[in-house]
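Please read the following note with the sequence and the model side by side. Each numbered point takes up one part of the structure.

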Amino acid sequence: MPVTRRSKVVGAPPAIVWQTVADPNRLPAWWPRAERVEGVSGNGFTLVLRSDRGAQVRADYRVGRRNRPRVVAWTQDLEGTPFARLLRHAETTVTLEPEGDASTRVEVRLEQRLQGVSRFGGFLVRRAARKQLDGALAALVELHT
């Protein structure tokens, strides 16, 4: 089960960063390839992404753990979607830790359980996850400078 973790220090206090990472409506501002978010409720949301080939891809998520202002997690609903051919489970967790007086260490953790033939491509999945998480963290830093 590939687990990818990346972290970076953001130049804003945890309460400010929390407003960005805990609000699904803000995902297009910092999550790579996110174009918009639809159907936001206390339980979940739909993220509309743009693929490498320019196609729109919809992904549904359920909000999981939420410990303000420290941890938020969301799990992708896979059953009945094209993602189900590749993934058995996909969960993203964002953890915030104070770093000094006015900064926050942000860790983004992506846990993916692969299935079928995709199990043999774990290194490719981890490489793509690192790129995605690095892009998300760079955008958070940019938003909060």
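1. Strand β6 (residues 87-99) and strand β7 (residues 103-114) run antiparallel and are joined by 12 bridges. Two strands pair if DSSP finds at least two bridges between them. Helices (H or I, at least four residues) and strands (E, at least two) are DSSP runs, numbered from the N terminus. Within this pairing, Glu-97 stands opposite Arg-105 in β7. The hairpin of β6 and β7 has three residues between the strands, and Gly-100 takes a positive phi near 75° there.

2. A word on the basis of these values. This is a predicted model, in which local features need pLDDT of at least 70 and side-chain atom pairs count only at pLDDT 80 or more, while totals for chains, interfaces and linings use all residues. Residues are numbered from 1 along each chain as its sequence is written, and side-chain values use heavy atoms, with hydrogens and water left out.

3. Strand β6 also pairs with β5, in the antiparallel sense, over five bridges.

4. How many aromatic pairs does a search of the whole structure find? The search finds four. Rings of Phe, Tyr and Trp (its six-membered ring) pair if their centres lie within 6.5 Å; planes under 30 degrees apart count as stacked, over 60 as edge-to-face and the rest as tilted. The rings of Trp-31 and Trp-74 have centres 6.2 Å apart and planes at 75°, so this pair is edge-to-face. The pair links distant parts of the chain, 43 residues apart: Trp-31 is in the loop between α2 (27-30) and β2 (34-38), and Trp-74 is in strand β5 (residues 71-76).

5. Phe-45 and Trp-74 form another edge-to-face pair, with 6.2 Å centre to centre and 70° between the planes. Phe-45 lies in strand β3 (residues 44-50) and Trp-74 in strand β5, so the pair ties together parts that are 29 residues apart in sequence. Ring pairs link Trp-30, Trp-31, Phe-45, Tyr-61 and Trp-74 into a cluster.

6. Buried means under 20% relative accessible area, exposed over 50%, and partly exposed in between (1.4 Å probe, protein chains only). Trp-74 has 6% relative accessibility, and Phe-45 is buried with a relative accessible area of 4%.

7. Arg-62, in strand β4 (residues 56-67), is partly exposed, with a relative accessible area of 44%. Arg-62 and Trp-74 are 12 residues apart in sequence and 5.5 Å apart in space, C-alpha to C-alpha. Leaving out residues up to four places away in sequence, Arg-62 touches Asn-43, Gly-44, Ala-73, Trp-74, Thr-75, Gln-76 and Asp-77. Contact here means heavy atoms within 4.5 Å.

8. Two backbone details deserve a check. The peptide bond from Arg-68 to Pro-69 is cis, with omega near -10°, and Pro-69 has its place in the loop between β4 and β5. Arg-33, in the loop between α2 and β2, has a positive phi near 70° although the residue is not a glycine.

9. The largest pocket has a volume of about 1100 Å³. On a 1 Å grid over the protein atoms alone, a pocket is an open set of points with protein on both sides within 12 Å along at least five of seven lines, a cavity is a set where a 1.4 Å probe fits but cannot get out, and lining residues have an atom within 4 Å of a point. The largest pocket is lined by 31 residues, of which Arg-33, Phe-83, Gln-112, Ala-128 and Gln-132 lie nearest its centre. The largest share of this lining, six residues, comes from α3.

10. The structure holds one cavity of 30 Å³ or more, and the largest cavity has a volume of about 60 Å³. Grid points are joined across faces, edges and corners, and a volume is the space filled by probe spheres set on the points. Residues that line the largest cavity include Phe-45, Val-63, Arg-66 and Trp-74. Strand β5 gives the most to this lining, with three residues.
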